[in-house]
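Hello,

Here is the structure I promised to hand over. Please look through it first, then read my notes below.

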Amino acid sequence: MIHLKTLEEIEILRENAILVSKTLAEVGKLVAPGVTTKALDKRAEEFIRDNGAVPGFLGYGGFPATLCISVNDVVVHGFPSDYELKEGDIVSVDCGTIYKGFYGDSAYTFPVGEVDKETAYLLKTTKEALALGAKQAIDGNRIGDIGHAVQSYCENRGFSVVRELVGHGIGRDMHEDPFVPNYGKAGSGKRLKEGMVICIEPMINAGKKEVYEQENGWGIATSDGKKSAHFEWTVAVKKGAPDILTTFDYIDNI
Ligand code: MG
Ligand code: MG
C-alpha cells in the first residue's frame, strides 16, 4: 500500500533528508587512509543525536550500527568495523535518521584518496545515473521509467545493475511501497503520483551483476569481487519536476 504524503509530511521528510545529507558530509570530512569505518559510524551517531534526531538504522531489523558502511566489493549493508580505509578504496556510506516520526535515508560512495580511473568512472556514472533516475520521478510517469533511465545509462558504460536490492517508498516507515528497482522498461510498472516520496538508490557493479550475502547475514558483496558503488536520494514526486529532498551539496562543499 502506497502512503501519499501531505505537504506538511513532506516538509518533515525534508528536515530528515537535510539532516542525513549533512551527516554524510560530516562523515565525508573524516574519510582518509588509516581511518576505521567504526570511527565514521561514531561521528555519524554523535552528529545525528546532537541535532535532536535518532539514527534510523540502529536496531532496524537488528542492524547493529548507525551507518551501513560498505567498502569496495561490498555493495550495501556492511557493518562498521576496525577495518582501516586504504588509499584507493571506495566506501559507501548509507545513513538513516528518525525525526518527528519520519525517516531520512541517503547514501554516498566516497573515494579514499586517489582511486584508479575505472573506479572513478564507476562512481561518476552511478552518481549521474541517480540524477537521471530522479529526473523521472514526476507525476504521471511510471516506476519503470526510473529503472530504465538508471539501467540504460550504466549498462551503456559497461557496468551492471544489482537486481536483488531496490529503492523504496519512505515515510513513517523506512521501507514503504512501492519498490523502486534500478532496472526496468520505460512505461512499465506503477504510476507515479504527486505525494509519493521514494528513495532512488542505484547499486552499480564494475563487473558482473551477481551478488552474495556475507556470513554476518547482512553484507551484500559482488560475486566477482569487483567494486560496487551506491548513491541514494530521497525524492518527492511532483508535477513537472521532482522535488529532491536530499542533497550532495554539503559533500561537494567539504
Ligand atoms: Mg539508504
Ligand atoms: Mg534506502
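Buried means under 20% relative accessible area, exposed means over 50%, and partly exposed lies in between (1.4 Å probe, protein chains only). By that scale Arg14 is partly exposed, at 23% relative accessibility.

This is a predicted model, so local features need pLDDT of at least 70, side-chain atom pairs count only at pLDDT 80 or more, and totals for chains, interfaces and linings use all residues. Residues are numbered from 1 along each chain as its sequence is written, chains are lettered from A and ligands numbered from 1 in the order in which they are written, and side-chain values use heavy atoms, with hydrogens and water left out.

Salt bridges next. One is a side-chain nitrogen of Lys or Arg within 4 Å of a carboxyl oxygen of Asp or Glu. The structure holds 15 of them. Arg14 pairs with Asp243, with the closest N and O atoms 2.7 Å apart. Asp243 sits in strand E15 and Arg14 in helix H1, 229 residues apart. Helices (H or I, at least four residues) and strands (E, at least two) are DSSP runs, numbered from the N terminus. Asp243 is buried, at 16%.

Lys42 bridges to Glu46 at 3.4 Å. Both lie in helix H2, about one turn apart. Lys42 is exposed, at 56%. Glu46 is partly exposed, at 33%.

Last, Ser160. This residue lies in strand E6. Ser160 counts as buried because its relative accessibility is 11%. Its side chain reaches the backbone oxygen of Gly207 at 2.7 Å.

Best wishes

Notes
A polar contact is a pair of N or O atoms within 3.5 Å; within protein, one must be able to donate a hydrogen and the other to accept it, and residues adjacent in sequence count only if both atoms are side-chain atoms.
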